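Hi,

Here is the structure I said I'd pass on to you. Have a look at it first, and then read my notes below.

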Amino acid sequence: MGCLRIWSVLTCLVSVSLVVESRDSSWGGLYPRESASREVKSLDGLWNFRLSPLLDAEKGFREEWYAQPLSKSGPVISMAVPSSYNDITQDKDLRDHIGWAWYDRLFYVPTRWQTDKQRVVLRLGSAHYNSIIYVNGHSLTSHEGGHLPIMADITTKLVYGKENLVTVAINNTLTPETIPQGTIVEHNDPSRYPPGYFAQSYNFDFTNYAGIHRPVYIYTTPQTFIEDILITTDINGANGVITYNVTHGNTMIGPSRSGEVGCSMKLLDIEGDHVTSAMGCQGTIVVTNASLWWPYLMSENPGYMYTLLVAVSDAEGNLDLYPHKVGIRTLGWNSTTLTINSKPLYLRGCGKHEDADIRGKGVDYALIVKDFSLLKWLGANSFRTSHYPYAEEIMDMADKEGIMIIDESPAVGLSGFDEALMNKHISVMQELVQRDKNRPSVIMWSVGNEPKSNQAPALNYFSKVVSATKSADPSRPVTCVLNKPKEKEYAASSLDVILVNRYYSWYGDTGHLEVIKMQTITEFSEWHLLHNKPVMISEYGAGSLPGYHMDPAWTWSEEYQAELMIRNFEAFDELRSKGYFVGEMIWNFADFSTPQEYNRPGACMKGLFTRSRQPKMAGHLMRARYWSLAQKLSNLTVPCGTGTFGYIMGL
Ligand code: GCB
């Protein structure tokens, strides 16, 4: 049989990525933003699409599907970008596909970009999992990993004033070498399975949606351009201190002209009014009487951001401008406490997913606005990007709304811990830090969720991954979300804050809500005692079927989910009074899609909200809890009624 499944999937990844002409995708570049020197053009919309045959994964490469429009080499369907491809049609094979999928579209570039000597960059916010990008038949770049940006300079590959072709090949196969990991199970018994039969399994419960999940842009810069901007902030009395470092690039051939490049900065306030200016590619700006970036419900004016207008110019007259948002805030942490702007933090939030019907993990602005509106309705101040980095469009909203983020890598459920995996994991952390380093909303890095860190090699592995993350960014605490018993936990010693997932009275002692308080208090006190670090619960919860009611509470009823939460709240309040318990995040914000299985009805039902974002009883209860915490901790007046539960809690 030609090129058989997993084998071909893997060999294709290796052989094809060897022939790409450039590999600058390890740095996804600054988010495409318009300025007086930059034009941005969206390539979102309907693309052409075709799957590779399941049993001949290499067909598209062998037949060079990227050399001409896909519609010329065979049948195509329309595919929405951004979106997952799985749930878009009625086709089961498309929903369940494992292997290569091909996308392409035509686009124009104006001749003016050539006459103006513009550099042109193609950028995909993400594509899951492995991708190879072609422009006009040239293999341009490849990227491994589904949740971080991919970019490539396409200036010399374009035909100006004419149609150009962009082709993206994506492979969603997960193996023990990918992050996250998965396994391809080959079924070789001819009496039970057809020839070549295989299935994908993985060590997490959410659907492994695939596709071009985030916006695709092309944008221009001058030949001398702003490559990256690093911003850190501090507070000195009433003043804010912004330290910046601008790196610039240059497409001109010949001796380096970096000596002739100059930078200047203009700081604008939230109204766009000039605050102050500075010269030089590195430097410090003092903002007198600064407005600080505060989280939602910790200030009357959360999410305050200035704009740093960065300008880079050279002797040839190139001038590049990039507007970068800056939130001035400090973070602190010690053995008991997390602080923001020197005030103690208590995180009240949830784990989330990028997940919705039809579009799967595709960016959807309507959903982003809805989710932040629900978070604010809840009185939540934070969430974790469980279990992978979320779209930059979501992160922008978090910065703006003052919602704090625990920014997690895609390393969910890892095991094995060999050196190759560790190096890949370190690169992923570096890419994530590179992308999100300047975001005021990001208050902690999470290197992963529920690794098999009861295996001894996890000790060296996590100490290296955590220390690489810290050297990429010393300004934020680093964690990993744990679920192994504390007596056999090898990752914890490397972390700044201990985050633990515990499902008392759900996965253990099912039906026995009365044990939650005792077990939670014992467990979390011991974690603190053992490691002398701040601790928080990063997941707890129960599944509920909306509209299913039972009194007394019974598993899967809305009453059971609500009562389980109340028992947990009692434990959290007691732990909080001990001074080292820094937050609670329920699992999950909303019900989300899971693979087909017999113990879940097509979704993880632990949401406060249904998948279509309507509150369950748990959502109303959580709203009363979070608003009452906000009132207690930040002395806030609750602005409007918080429903029946709020009434009972005296809000
Ligand atoms: C966990 C995982 C989360 C699952 C959850 C569950 O511990 O971190 O991804 O969805 O349990 O519902 O089982």
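Let's start with the cysteines. Cys263 and Cys281 form a disulfide, with their sulfur atoms 1.9 Å apart. Keep in mind that this is a predicted model, and that the distance comes from its atoms. The link between Cys263 and Cys281 is right-handed, with 85° about the S-S bond. Cys263 sits in strand E17 (residues 262-268), while Cys281 is in the loop between strand E18 (274-279) and strand E19 (282-287), so the bond ties together parts that are 18 residues apart in sequence. Are these two cysteines buried or exposed? Both Cys263 and Cys281 are buried.

Cys350 is in no disulfide, and the nearest cysteine sulfur, which belongs to Cys604, is 13 Å away. A disulfide needs the two sulfur atoms within 2.5 Å. Cys350 has 1% relative accessibility, so it counts as buried. Cys604 is in no disulfide either; its nearest cysteine sulfur is that of Cys350, 13 Å away. Cys604 counts as buried too, because its relative accessibility is 1%.

Next, have a look at one of the sheets. Four strands make up an open sheet, in the order E1-E14-E5-E9, and the pairing is antiparallel. Which strands stand at the edges? They are E1 (40-42) and E9 (150-153); each has a single partner strand, so one side of each is left without a neighbour in the sheet. On average, neighbouring strands here are turned by 20° against each other, ignoring direction. If you want to zoom in on one pair, E1 and strand E14 (residues 216-221) run antiparallel and are joined by three bridges. Ser42 stands opposite Tyr217 in E14. As background, strands of a sheet pair through backbone hydrogen bonds.

Last, the holes inside. How many cavities of 30 Å³ or more are there? The count comes to five. The largest cavity has a volume of about 140 Å³. Its lining is made up of 16 residues, and Glu354, Leu367, Ile368, Asp371 and Ile394 lie nearest the centre. Helix H6 (residues 365-378) gives the largest share of that lining, with four residues. What kinds of residues line this cavity? There are six nonpolar, three polar and seven charged ones.

Cheers

Conventions
Residues are numbered from 1 along each chain as its sequence is written. This is a predicted model: local features need pLDDT of at least 70, side-chain atom pairs count only at pLDDT 80 or more; totals for chains, interfaces and linings use all residues. Side-chain values use heavy atoms; hydrogens and water are left out. On a 1 Å grid over the protein atoms alone, a cavity is a set of points where a 1.4 Å probe fits but cannot get out, and a pocket is an open set with protein on both sides within 12 Å along at least five of seven lines; lining residues have an atom within 4 Å of a point. Grid points are joined across faces, edges and corners, and a volume is the space filled by probe spheres set on the points. Helices (H or I, at least four residues) and strands (E, at least two) are DSSP runs, numbered from the N terminus. Ala, Val, Leu, Ile, Met, Phe, Trp, Tyr, Cys and Pro count as nonpolar, Asp, Glu, Lys and Arg as charged, and the others, Gly among them, as polar. Buried means under 20% relative accessible area, exposed over 50%, partly exposed in between (1.4 Å probe, protein chains only). Two strands pair if DSSP finds at least two bridges between them. Axes are lines fitted to C-alpha atoms, for helices over the stretch in contact, and angles run from 0 to 180 degrees between N-to-C directions.
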